[in-house]
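Reader: Please show me the model. I have some questions about its residues and contacts.

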Amino acid sequence: MMTVLTNLLDLDPAQLIAYCGELGEKPFRAKQLQRWIHQFGASNFDAMTDLAKSLRDKLATRAMIAAPAVISDHTSTDGTRKWLLDVGQGNAVETVFIPEENRGTLCISTQAGCAVNCRFCSTGKQGFSRNLTVSEIIGQLWMAEFELRRTKGIEAGPKGERQITNVVMMGMGEPLLNFEPTVTALKLMLDDNAYGLSRRRVTLSTSGVVPMMDKLSQECPVALAVSLHASNDPLRDGLVPLNKKHPLAELMAACRRYLEFAPRDFITFEYCMLHEVNDSDAHARELVALVQNHANPVSCKFNLIPFNPFPESGLTRSHNPRIKAFAQILIDAGIVTTIRKTRGDDIDAACGQLAGEVQDRTRVQERMEKMTEYQKKFGKNFGRIVEVSA
Ligand code: SF4
């Protein structure tokens, strides 16, 4: 009979201690093992030289350390690096590393596809395939950190310069609809025997799953971004269907509750700028009133995202002067506001659109052919995605 190997990337610190206990090992062995996996990027038990040979032999027959396989790996001239990862059954997800002067940010996915179906999001148009497992979520960070180090010749382990200093859960999927695996992965990101990231450097982005925002505030209150995209309920009902279930008043109240437990003193509101849909001066003023409600203001900042059009959306991007005028109204009201500059939007490669265009529900071979087609059409720099301006 074949033994099913336990993927150790699926286990949080407590589960790893329990697993070692089952093997007759003391808890400190779990900490050693965890450091080998998440700080040295080891996938081979023989490399774990401070573990007893008997334990290494046991692990070799019962366990494995495996992240999703890389289908494609592209680096743009500005250093942005994008991996397409195979998560089985014809599904793939995207992980993107964005280097900046003083930090390196990894954008990771939590689901294959997405059920929320926001009108401006090509991932949503593909429907939902399945939730990612813990190993598929944390495996994106594990793979990216050590692959980046290998590329630069930086040694593994805590002495080597860390490449990923910030993580944003803004890739494919709604993280709060895959709650348990997402929180387990978050806990590993924060654990000192794993990645040791501060809560302020890990951001989860949600479309507004109110009960789960409350749960997250209790279990792992990392920095929170909310995909807002509208200033009133009728408009948001049409753009983010989840709003019908959790309308704006409820969402704002959840944001205020979250801030009582969050490490940052503000929520980041993401706002996709859609031409003549949500981009008027009146919308901007309505937003100010929404978040600066006298009795109960929400401490926040805004990130305005110029929309990257895709064929089925029927939507277009707001013009730059309109975006600037919109931002100015927010800024004049005292709200910190940034505009995300997009690049490469003509190649469907901005803001995860490639994911929606290429990844879901197509076979790996078809996806790879499409990737090759994109590269031929748009050159090797395709994958040059976004930069965030202060
Ligand atoms: S914007 Fe986010 S929540 Fe909405 S459909 Fe896209 S991936 Fe899902």
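Author: Begin with Ser217, which is buried, with a relative accessible area of 5%. Buried means under 20% relative accessible area, exposed over 50%, and partly exposed in between, with a 1.4 Å probe and protein chains only. This is a predicted model: local features need pLDDT of at least 70, side-chain atom pairs count only at pLDDT 80 or more, and totals for chains, interfaces and linings use all residues. Residues are numbered from 1 along each chain as its sequence is written, and side-chain values use heavy atoms, with hydrogens and water left out.

Reader: Where is the place of Ser217?

Author: Helices (H or I, at least four residues) and strands (E, at least two) are DSSP runs, numbered from the N terminus. By that numbering, Ser217 sits in helix H7.

Reader: Which backbone oxygen lies 2.6 Å from a polar atom of the Ser217 side chain?

Author: A polar contact is a pair of N or O atoms within 3.5 Å. Within protein, one must be able to donate a hydrogen and the other to accept it, and residues adjacent in sequence count only if both atoms are side-chain atoms. The side chains of Ser217 and Gln218 are joined by such a contact at 3.2 Å. The backbone oxygen at 2.6 Å from the Ser217 side chain belongs to Asp214.

Reader: Which residues does Ser217 contact, leaving aside neighbours within four places in sequence?

Author: Contact means heavy atoms within 4.5 Å. With those neighbours left aside, the partners of Ser217 are Tyr258 and Phe261.

Reader: What arc do the buried residues of H7 cover around the axis?

Author: Helix H7 spans residues 210–219, and its buried residues are Val210, Met213, Leu216 and Ser217. They lie on the same side of H7, because they cover an arc of only 110°. The arc is that of the directions from the helix axis to the C-beta atoms. An α-helix has 3.6 residues a turn, so residues three or four places apart point the same way.

Reader: What covers those buried residues of H7?

Author: The cover includes two strands, S10 (202–206) and S11 (223–227). It also includes helices H6 (179–190) and H9 (248–259).

Reader: Is Ala185 buried or exposed?

Author: Ala185 is in helix H6. Leaving aside neighbours within four places in sequence, it contacts Val134, Ile137 and Ile138. Leu141 is 44 residues away from Ala185 in sequence and 9.5 Å away, C-alpha to C-alpha. At a relative accessible area of 0%, Ala185 is buried.

Reader: How many Å apart in space are Ala66 and Gly139, C-alpha to C-alpha?

Author: Ala66 is in the loop between strand S2 (63–64) and strand S3 (69–75). It counts as partly exposed, at 29% relative accessibility. Ala66 and Gly139 are 73 residues apart in sequence, and their C-alpha distance is 7.4 Å.

Reader: How many charged residues does the shell around the ligand have?

Author: The surrounding residues are Cys114, Val116, Asn117, Cys118, Cys121, Gly124, Gly173 and Ser207. Ala, Val, Leu, Ile, Met, Phe, Trp, Tyr, Cys and Pro count as nonpolar, Asp, Glu, Lys and Arg as charged, and the others, Gly among them, as polar. By class, the shell has 4 nonpolar and 4 polar residues, and the charged count is none.

Definitions and conventions. Near = heavy atom within 4 Å.
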